[in-house]
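Subject: Structure for you to look at

Hello,

Here is the structure I said I would pass on. Please open it first, then read the notes below it.

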Amino acid sequence: ICAVTVLAAAAPGVALAVHDLSTAQDRAGTARLATAATLLAHDLADERDDLAVAAASGDGGALPATALPAADRARTDRRARDVTAGAPAALRTALAGLPGVRRTALAAGSGPQGVTAVVTAYQPLIDTLGRSSGPVTAPLSRAVGAAAVQRGLLAGALTGDGPQPALVAAALTAHVQEQAALADFRAAAPAGLRDGYDATVTGADTAQADRDLGHVRRLARARV
């Protein structure tokens, strides 16, 4: 139940916020690419979370292909094609490595080391997508990525048997990185973009998500 809570506790408005901020920053092709890349990063983070939970609850061997639902894989692949269509060469090359990322994650095995290996497999590609969002909103994309890492690690820590100190410590580090990236965004972004972010990532759903993740962090620490 706790792992499900973690997976449901993503900040609901962040993808929309990046879309709005990117559009305000640049209404041409750069904004379209930034939006598509951010949405793809969210899809990849969802894949990573699914596999992290599977690794935490597995029997020690490689993960079965069914650990990554076919519908989720297909959605991510469609989004990757959308990004590739307008991406620069370096990003197209990175996206071409997605099948290899998945193979590495599925071969990661189970237990805490498997969870960490799954997170590590996806991180370079998600980081590359974050850098494509532009200099002003890049810190916001880093915050989204760090939040996704936190979710995946916490889900793994709470799914596995017994204390999981390494996963909990890594999740808390990711939380610190998320907060630092948000601080960088607020320091670098013009007032209008900061106001746009605050107006988008707000409301009852976002507040509940923050409370849920705070509760889960406390539970995870209590298990160590």
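Helix 7 (residues 111-131) packs against helix 8 (residues 138-159) at an angle of about 165°, and their axes are 10 Å apart. An angle over 145 degrees counts as roughly antiparallel, so helix 7 is roughly antiparallel to helix 8. Their crossing is right-handed. On the side of helix 7, the contact is made by Val115, Val119, Gln123 and Gly130. Helix 8 brings Ala138, Ser141, Val149, Gly152, Leu153 and Gly156 to the contact. Sorted by class, this contact of helix 7 with helix 8 has five nonpolar residues, five polar residues and no charged ones. Please keep in mind that this is a predicted model.

Helix 7 also packs with helix 5 (residues 89-96). The axes of helix 5 and helix 7 come within 10 Å and cross at roughly 155°. Helix 5 and helix 7 are therefore roughly antiparallel to each other, and helix 5 passes helix 7 in a left-handed crossing. Leu91, Ala94 and Leu95 of helix 5 meet Leu125, Thr128 and Leu129 of helix 7. By class, the contact of helix 5 with helix 7 has five nonpolar residues, one polar residue and no charged residues.

The next pair is helix 4 (residues 70-85) and helix 6, which pack at an angle of about 150° with their axes 12 Å apart. Helix 4 and helix 6 are therefore roughly antiparallel to each other. Helix 4 passes helix 6 in a right-handed crossing. The contact is made by Arg73, Thr76 and Asp77 of helix 4 and by Leu98, Arg102 and Leu106 of helix 6. The residues of the contact of helix 4 with helix 6 divide into two nonpolar, one polar and three charged.

Is Ala105 buried or exposed? With a relative accessible area of 0%, Ala105 is buried, because buried means under 20%. Which residues does Ala105 touch, not counting residues up to four places away in sequence? They are Leu51, Leu63, Val118, Ala121 and Tyr122. Of these, take Val118: Ala105 and Val118 are 13 residues apart in sequence, and their C-alpha atoms are 4.6 Å apart in space.

Regards

Methods. Residues are numbered from 1 along each chain as its sequence is written. This is a predicted model: local features need pLDDT of at least 70, side-chain atom pairs count only at pLDDT 80 or more; totals for chains, interfaces and linings use all residues. Side-chain values use heavy atoms; hydrogens and water are left out. Axes are lines fitted to C-alpha atoms, for helices over the stretch in contact, and angles run from 0 to 180 degrees between N-to-C directions. Helices (H or I, at least four residues) and strands (E, at least two) are DSSP runs, numbered from the N terminus. Angles under 35 degrees count as roughly parallel, over 145 as roughly antiparallel, 65 to 115 as roughly perpendicular and the rest as oblique. A crossing is left-handed if the near helix is turned anticlockwise from the far one by less than a right angle, and right-handed if clockwise. Contact means heavy atoms within 4.5 Å. Ala, Val, Leu, Ile, Met, Phe, Trp, Tyr, Cys and Pro count as nonpolar, Asp, Glu, Lys and Arg as charged, and the others, Gly among them, as polar. Buried means under 20% relative accessible area, exposed over 50%, partly exposed in between (1.4 Å probe, protein chains only).
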